[in-house]
Amino acid sequence: MSGTEIGILVLGGLVVLGVIAYNKWQERQHRQNMENAFRSPRRRDDVLLSRREVDFSVSLPDIAPKTEPTLQNDAEMAGEAGEALPEAVTASSIGLAALPEDDLISPMIDLIAELHGESPVNLAALRRDYAKALLPFGRRLNWAGLNEADATWEFLPGSAPEGGESYKRLRVGLQLVDREGVAKAEVVSGFLEFFPWLAEELGMTCLLPEAELSEWMEQAEQLDVFCAGLDIVLCLSLVPEGGRNFSGTQIRALAEAENMTLEDGIYILRDEHGVPLFRFWNTDEAHPFRVDEMKRLKSSDLTFHFDVPCVPRGQHVYLQMLAVIRRFAKVMGGVLIDDQGNPLSDETLEQIRQDYVIRPQGHMMSEGLPAGSFLARRLFS
């Protein structure tokens with residue numbers, strides 16, 4: 001073989017390697033763009049589904065190469081879902097039925113003590129008289145009293161300053177896991193010791209599950225790992241085209257047209273049961289939305305927020321949110337981007353819906369913890 005032929009072969013090999021390397025680079029860029037499209041409060045670093053302390057991750061699926069981004073109309077985006085999107089998002093337009101709220105305090109997420117006696121105990125007075133002793137349990141402690149008139153349990157969160165009638169039967173639940181992590185062992189141990197003592201003080205009987213502290217801590221750790229894999233919050237950015245700013249007056253008019261309410265500087269859409277579906281705010285935290293300042297406000301970035309485990313029927317609400325973003329973009333001249341400033345394509349947005357809304361919410365349903373349910377919102381609070 002001549003030197004020329006060898007040179008051609010080497011050159012051909014280099015070209016092939018170059019093509020492979022370029023394709024890998026494109027795939028990595030696309031993967032990064034998709035990862036940056038959303039973040040979770042549970043994850044403060046740049047890893048898509050990493051844990052606070054636990055080494056836990058979920059791999060992104062392989063997806064098709066990114067195509068040129070366009071903003072489809074609502075009918076096209078409904079796509080395979082076969083859904084027609086309404087002109088404006090309202091609680092009734094989403095059509096969410098009330099979710100069952102039977103287990104206000106549940107052994108799925110709570111360590112439960114049940115107190116019962118012959119004479120009714122005033123819950124408000126109990127919480128006030130023993131406030132110092134209850135302080136270590138904080139907002140993880142929730143109460144429910146049995147209303148004997150209609151045989152229903154009345155829920156009172158630990159964060160409620162006052163409230164509660166007189167009951168002969170009480171349930172006290174220590175929430176084992178929330179977005180801050182697992183309850184500390186000393187808090188769980190204190191619960192197991194305090195409520196039998198309290199019941200004796202009140203002349204009541206205390207029933208506790210038969211389990212050791214180590215068993216409760218193991219259950220809490222397992223629940224925390226389960227939650228970590230499902231704790232997904234989507235944050236999508238809408239920015240103006242051409243270096244302009246969004247007008248506060250237009251932002252307010254569009255938000256109100258979508259039946260969103262302004263709460264603490266953030267526009268929120270709630271369903272007919274008061275459950276938040278999605279929200280948006282001015283990404284510049286130094287200038288939150290204020291009613292008396294909207295005429296003067298200029299925004300260069302709006303953040304749309306979608307809390308996956310806390311939203312009922314998430315795949316439909318996600319499409320509704322995208323429809324709202326498109327209407328904002330059309331009226332004000334904006335483009336939806338990822339954290340790197342790259343436009344998000346329709347394929348990427350649909351991939352996010354499939355992999356990070358439909359799949360995790362389906363997993364929650366299969367485990368008896370529907371997304372958006374009362375227990376789910378407690379667990380991911």
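# Legends to close-up views of a predicted model

**View 1. An aromatic cluster in the predicted model.** Tyr130, Phe137, Trp143, Phe191, Phe194, Phe195 and Trp197 come together as one aromatic cluster. Rings of Phe, Tyr and Trp (its six-membered ring) pair if their centres lie within 6.5 Å; planes under 30 degrees apart count as stacked, over 60 as edge-to-face and the rest as tilted. The model is predicted: local features need pLDDT of at least 70 and side-chain atom pairs count only at pLDDT 80 or more, whereas totals for chains, interfaces and linings use all residues. Residues are numbered from 1 along each chain as its sequence is written, and side-chain values use heavy atoms, with hydrogens and water left out.

**View 2. The whole protein, for orientation.** The protein has 11 helices and 15 strands; these are DSSP runs (helices H or I, at least four residues; strands E, at least two), numbered from the N terminus. Of its 381 residues, 45% are buried, where buried means under 20% relative accessible area, exposed over 50%, and partly exposed in between (1.4 Å probe, protein chains only). The accessible surface comes to about 19,300 Å², and carbon and sulfur atoms account for 53% of that area. These areas come from the Shrake-Rupley method with a 1.4 Å probe, and for residues only the protein chains shown count as cover. Among contacts (heavy atoms within 4.5 Å) between residues at least 6 apart in sequence, 77% join residues at least 24 apart.

**View 3. The largest nonpolar core.** A nonpolar core is a set of buried Ala, Val, Leu, Ile, Met, Phe, Trp, Tyr and Cys residues joined through side-chain atoms within 4.5 Å. The largest such core holds 44 residues, of which Leu115, Phe137, Leu141, Trp143, Val188, Phe191 and Phe195 touch the most other members. Two or more residues each are given by β1 (110-122), α4 (123-129), β2 (141-147), β4 (166-175), α6 (185-202), α7 (213-228) and α11 (374-379). Helix α6 supplies the largest share, 8 residues. Leaving aside residues up to four places away in sequence, Leu115 touches Lys168, Arg169, Leu170, Val172, Phe195, Leu198, Ala199, Met204, Thr205 and Cys206. Another core, of 37 residues, lies apart from it and includes Leu236, Leu277, Ala329 and Leu336. In soluble globular proteins, nonpolar side chains tend to be buried together.

**View 4. Strand β2 and its two partners.** Because 7 of the 7 residues of β2 are buried, the strand is largely enclosed by the rest of the structure. Leu141, Trp143, Gly145 and Asn147 point one way from β2, while Asn142, Ala144 and Leu146 point the other way. Two strands pair if DSSP finds at least two bridges between them. β2 runs antiparallel to β4, with 5 bridges joining them, and Trp143 stands opposite Val172 in β4. A further 5 bridges join β2 to β3, also antiparallel, and here Gly145 faces Glu154. β2 and β3 form a hairpin with 4 residues between them, and Ala151 in the turn has a positive phi of about 55°.

View 5. Strand β14 (residues 302-307) is largely enclosed by the rest of the structure, because 6 of its 6 residues are buried. Leu302, Phe304 and Phe306 point one way from β14, and Thr303, His305 and Asp307 point the other way.

View 6. The whole structure contains 16 aromatic pairs. The ring centres of Phe155 and Phe374 are 5.0 Å apart with planes at 85°, so this pair is edge-to-face. Phe155 lies in strand β3 (residues 152-156) and Phe374 in helix α11, so the pair ties together parts 219 residues apart in sequence. Phe155 is partly exposed at 24% relative accessibility, whereas Phe374 is buried at 17%. Phe306 and Tyr318 also form an edge-to-face pair, 5.9 Å centre to centre with 75° between the planes. This pair links strand β14 with helix α9 (residues 314-332), parts that are 12 residues apart in sequence. Phe306 is buried at 0% relative accessibility, and Tyr318 is buried at 0%.

**View 7. Two cysteines.** The structure holds 0 disulfides, a disulfide being a pair of cysteine sulfur atoms within 2.5 Å. Cys227 is buried, with a relative accessible area of 0%, and Cys310 is buried at 11% relative accessibility.
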